[in-house]
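Me: I have a model open and would like to learn how to read its features one at a time. Could you walk me through it?

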Amino acid sequence: WNVGAVMRVNIPDELREILEEFLVEAEEILENLDQDLVDLENNPQDKELLNKIFRGMHTLKGGAGFLNLSTIVEIAHRIEDVFNKLRNDEMELTPELMDVILEGID
């Protein structure tokens with residue numbers, strides 16, 4: 001077993017198309033998220049923006065779940081939980097929390 005070898009995964013054609021669609025959608029969500037998070041840092045109480053970010057993570061989590069991408073599901077779920085607490089005023093957005101969010105999104 002060679003650690004440096006590239007791992008290839010055989011994906012059935014019908015799943016390949018779904019995976020490709022997921023990757024396009026995920027890229028769009030993550031691109032929007034970058035700007036949304038900058039906006040959120042400037043206005044951390046913006047409920048509409050918090051809801052938009054939550055929905056993006058929820059969509060990402062759903063697509064990843066459908067494809068059994070469990071690591072992405074777990075990370076998206078945790079970020080989704082944070083944004084749920086932020087939008088329900090159960091948590092406050094701090095610079096440290098934003099660092100954790102950005103790390104998860106990366």
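Reply: Gladly. Let's start with contact, which means heavy atoms within 4.5 Å. Leaving aside residues up to four places away in sequence, Leu37 touches Ile53, Phe83, Met98, Ile101, Leu102 and Ile105. Keep in mind that this is a predicted model, where local features need pLDDT of at least 70, side-chain atom pairs count only at pLDDT 80 or more, and totals for chains, interfaces and linings use all residues. Residues are numbered from 1 along each chain as its sequence is written, and side-chain values use heavy atoms, with hydrogens and water left out.

Me: What is the secondary structure of the protein chain?

Reply: Helices (H or I, at least four residues) and strands (E, at least two) are DSSP runs, numbered from the N terminus. Here the protein chain has four helices and zero strands, giving the pattern α-α-α-α along the sequence. Its C-alpha atoms fill a box of roughly 50 × 30 × 20 Å along the principal axes. Among contacts between residues at least 6 apart in sequence, 57% join residues at least 24 apart.

Me: Which residues have the most contacts inside the largest nonpolar core?

Reply: In soluble globular proteins, nonpolar side chains tend to be buried together. Buried means under 20% relative accessible area, exposed over 50%, and partly exposed in between (1.4 Å probe, protein chains only). A nonpolar core is then a set of buried Ala, Val, Leu, Ile, Met, Phe, Trp, Tyr and Cys residues joined through side-chain atoms within 4.5 Å. In this model the largest one has 24 residues, and those with the most contacts inside it are Leu37, Leu40, Ile53, Phe83, Leu86, Leu93 and Ile101. Helices H1 (13-42), H2 (47-66), H3 (70-87) and H4 (95-105) each supply at least two of its residues. H2 gives the largest share, seven residues. Of the 106 residues of the protein chain, 27% count as buried.

Me: Is Phe66 buried or exposed?

Reply: Phe66, in helix H2, is exposed, with a relative accessible area of 60%. Its C-alpha atom is 9.3 Å from that of Ile18, 48 residues away along the chain.

Me: How should I read the salt bridges, and how many does the structure hold?

Reply: Side chains of opposite charge can pair when their charged atoms come close. The criterion for a salt bridge is a side-chain nitrogen of Lys or Arg within 4 Å of a carboxyl oxygen of Asp or Glu. The structure holds four. One of them joins Lys47 and Asp89, at 2.6 Å from N to O. Lys47 lies in helix H2 and Asp89 in the loop between H3 and H4, so this pair ties together parts 42 residues apart in sequence. Lys47 is partly exposed at 31% relative accessibility, while Asp89 is exposed at 56%.

Me: What about Glu80 and Lys61: what do they form?

Reply: They form a salt bridge too, with their closest N and O atoms 2.7 Å apart. Glu80 is in helix H3 and Lys61 in helix H2, so the pair links parts 19 residues apart in sequence. Both residues are buried.

Me: Where does the charged end of Arg87 sit?

Reply: A charge sits over a ring if NZ of Lys or CZ of Arg is within 6 Å of the ring centre and within 35 degrees of the ring normal. The charged end of Arg87 sits over the ring of Phe54, 3.7 Å from its centre.
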